[in-house]
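Reader: I want a close look at one part of this model. Keep the answer brisk and start from a single side chain.

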Amino acid sequence: MRRIHVGAALGLLLLLAGCGTAQPGAGSGAGDVTSTSLPMPTGDFPTGLNHATPDPTVVELRPTRFDRATAGDGDNLVVQYTAGGRAECAKLGRVDVAETGDAVTVTVRLGQVPGAKCGGEQPMIAATFETTVTLKAPLGDRQVRDGAS
């Protein structure tokens with residue numbers, strides 16, 4: 001049994017030793033293949049969320065719960081939500097905001113691009129997006145409520 005393992009290991013070693021980079025002109029010509037290693041990426045990994053801007057052409061809008069809302073600069077409110085399926089079938093159409101003295105109600109509305117075929121099964125993918133809305137006044141101590149709840 002031990003000889004089989006040693007023979008298999010030796011065969012694998014010889015096979016691996018035969019792999020490598022073909023040198024131009026070393027083979028028959030037309031079938032030569034050159035293998036290269038790609039350099040490591042430089043720079044940082046992308047950070048932050050996908051930023052979305054409402055598209056007024058989106059149709060069949062439906063309220064969608066948001067994941068998080070935080071005060072931004074000045075009168076801005078940054079709203080994060082998750083959209084799933086094909087991009088053309090879960091696009092930001094509108095964000096409705098209703099303000100009172102003690103609360104801000106935000107309703108994210110997703111829909112589909114006109115003409116998109118969104119019936120049937122959708123891919124099981126999701127992405128987190130953020131959009132910024134401008135309030136009439138800074139958020140301050142007001143509570144943020146989800147209009148899709």
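Is R142 buried or exposed, and what is its relative accessible area?

Author: R142 is buried, with a relative accessible area of 13%. Buried means under 20% relative accessible area, exposed means over 50%, and partly exposed is in between, with a 1.4 Å probe and protein chains only. The model is predicted, so local features need pLDDT of at least 70 and side-chain atom pairs count only at pLDDT 80 or more, while totals for chains, interfaces and linings use all residues. Residues are numbered from 1 along each chain as its sequence is written, and side-chain values use heavy atoms, with hydrogens and water left out.

Now the partner. The side chain of R142 meets that of E99 in a salt bridge, 2.9 Å from N to O. A salt bridge here is a side-chain nitrogen of Lys or Arg within 4 Å of a carboxyl oxygen of Asp or Glu. The two residues sit in distant parts of the chain, 43 residues apart: E99 is in strand β5, and R142 is in the loop between β7 (126-134) and β8. Strands are DSSP runs of E with at least two residues, helices are runs of H or I with at least four, and both are numbered from the N terminus. E99 counts as partly exposed, at 22% relative accessibility.

The whole structure holds six salt bridges. One of them pairs D55 with K91, at 3.4 Å from N to O. D55 lies in the loop between β1 (50-51) and β2 (59-64), and K91 lies in strand β5 (residues 91-99), so this pair ties together parts that are 36 residues apart in sequence. D55 is buried, at 17%. K91 is partly exposed, at 32%.

R65 and D146 form another salt bridge, and their closest N and O atoms are 3.9 Å apart. This pair also links distant parts of the chain, 81 residues apart, with R65 in the loop between β2 and β3 (66-71) and D146 in strand β8 (residues 143-146). R65 counts as exposed, at 54% relative accessibility. D146 counts as buried, at 15%.

Next, the strands. An open sheet of mixed pairing has four strands in the order β1-β7-β4-β3. Its edge strands are β1 and β3, each pairing on one side only. Two strands pair if DSSP finds at least two bridges between them. β1 and β7 run parallel and are joined by two bridges. There, H51 stands opposite E130 in β7. β3 and β4 run antiparallel, with five bridges between them. F66 has Y81 in β4 as its bridge partner.

The hairpin of β3 and β4 has four residues between the strands, and G74 takes a positive phi near 60° there. D75 lies in the loop between β3 and β4 (76-84). D75 is partly exposed, at 28% relative accessibility. In sequence, D75 and L135 are 60 residues apart, yet their C-alpha atoms are 5.2 Å apart in space. Setting aside neighbours within four places in sequence, D75 is in contact with V133, T134, L135, K136, A137 and P138. Contact means heavy atoms within 4.5 Å.

What about the core? The largest nonpolar core has 16 residues, and L77, V79, Y81, L92, V106 and V108 have the most contacts inside it. Such a core is a set of buried Ala, Val, Leu, Ile, Met, Phe, Trp, Tyr and Cys residues joined through side-chain atoms within 4.5 Å. β4, β5 and β6 (103-112) are the elements that give it two or more residues. Beyond its neighbours within four places in sequence, V108 is in contact with R62, P63, T64, F66, V79, Y81, L92 and R94.

Last, the chain as a whole. Of its 149 residues, 22% are buried. Among contacts with a separation of 6 or more, 73% are between residues 24 or more positions apart. The accessible surface comes to about 10700 Å², and 56% of that belongs to carbon and sulfur atoms. These areas come from the Shrake-Rupley method with a 1.4 Å probe; for residues, only the protein chains shown count as cover.
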